[in-house]
Amino acid sequence: MIGQSAGKSFAYVLGVFLGDGCVTTTGKNADSGKSVPVFKLNTIDADFANATKKALSELSDKSVGISVHAVSKSSKPNHSLWICDADLCHNLDRDTQAKRIIPEYVWGWCRENKLAFIAGLMDSEGFVAQNKGGATGRSFYMGFKSCDEWVPDFIRLLNHVGILIGKVQREKPRKPGYKTPTRFSIKMQSWVDSGARFNIARKQERVDRWAACVPYTERSRYPRKLTSEANMPDTPITA
């Protein structure tokens, strides 16, 4: 299920790995005494953790664990997911050169698998926010932000499946010595038209609200009403 023969499950997991996921080592194997590679994901979204667990369960015969614990200064608990599958961890780390590239074989995938990969990355690093003071669904906007080297290739992939982006900009690092993040907006209508979807409900619900709005009449709290009188000049026009 790796590379060209991968299905949607691996495509989604690969996207999650390049985003919020990671491969690390923990403990030691009881028989060999060697460290065990582990795929991990930490998220406040239960549906994100469950979508990743579902995909991993379809890829591996190893058990997937999820624990939930409270987080200080947060109203939502953290969901910690892990799976000890040495082969899967090795393939993810090798194929992405330790999360530095999008593997070349992704470009050869069918459209459905590319969208699954994009969903994994967007669930991780994508956002759907609302303009301050926005009163309608049309005030939502979508974007993506990451510090990783593969961002230009991800932009190419989005364009390849018909998802259009807006301005690309480099932002100041959070602290001295931190990586420089790249941020860009996504044209929401192109996201809807492409068939792409989030697995995180709170993000997808905002997209659905945006798509359900009538573009003109619901784009402001008090939309201007057009009448024949309103379009007439105050005084007659003379030659």
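Helix α5 lies across β6, β7 and β8, and runs at about 10° to β8. Contact here means heavy atoms within 4.5 Å. Angles are taken between N-to-C directions, from 0 to 180 degrees, with axes fitted to C-alpha atoms, for helices over the stretch in contact. Helix α7 (residues 201–212) also packs on the sheet, where α7 touches β5 and β6, and its direction makes about 55° with that of β5.

This is a predicted model: local features need pLDDT of at least 70, side-chain atom pairs count only at pLDDT 80 or more, and totals for chains, interfaces and linings use all residues. Numbering starts from 1 along each chain as its sequence is written, and side-chain values use heavy atoms, with hydrogens and water left out. Helices (H or I, at least four residues) and strands (E, at least two) are DSSP runs, numbered from the N terminus.

Now the sheet itself. It is open, has 4 strands in the order β5-β6-β8-β7, and pairs antiparallel; pairing requires at least two DSSP bridges between two strands. β5 (126–130) and β7 (165–170) stand at the edges with a single partner strand each, so one side of each has no neighbour in the sheet. On average, neighbouring strands are turned by 25° against each other, direction ignored. Strands β6 (residues 140–146) and β8 (residues 182–186) run antiparallel and are joined by 5 bridges, with G143 opposite S185 in β8.

Back to α5, residues 151–160, where N159 has its place. Leaving aside neighbours within four places in sequence, N159 is in contact with L164 and I165. S190 is 31 residues from N159 in sequence, and the C-alpha to C-alpha distance is 9.7 Å.

Next, β4. Strand β4 (residues 78–83) is mostly covered, with 5 of its 6 residues buried. It pairs antiparallel with β2 (residues 35–43) over 5 bridges, T43 standing opposite H79. With β3 (residues 64–69) the pairing is again antiparallel, over 6 bridges, and G65 stands opposite W82.

Last, the helix pair. The axes of α1 (residues 8–18) and α2 (residues 46–59) come within 9 Å and cross at roughly 130°. That makes α1 oblique to α2; angles under 35 degrees count as roughly parallel, over 145 as roughly antiparallel, 65 to 115 as roughly perpendicular, and the rest as oblique. The contact includes F10 and V13 of α1 and F48 and L59 of α2.

Notes. Buried means under 20% relative accessible area, exposed over 50%, partly exposed in between (1.4 Å probe, protein chains only).
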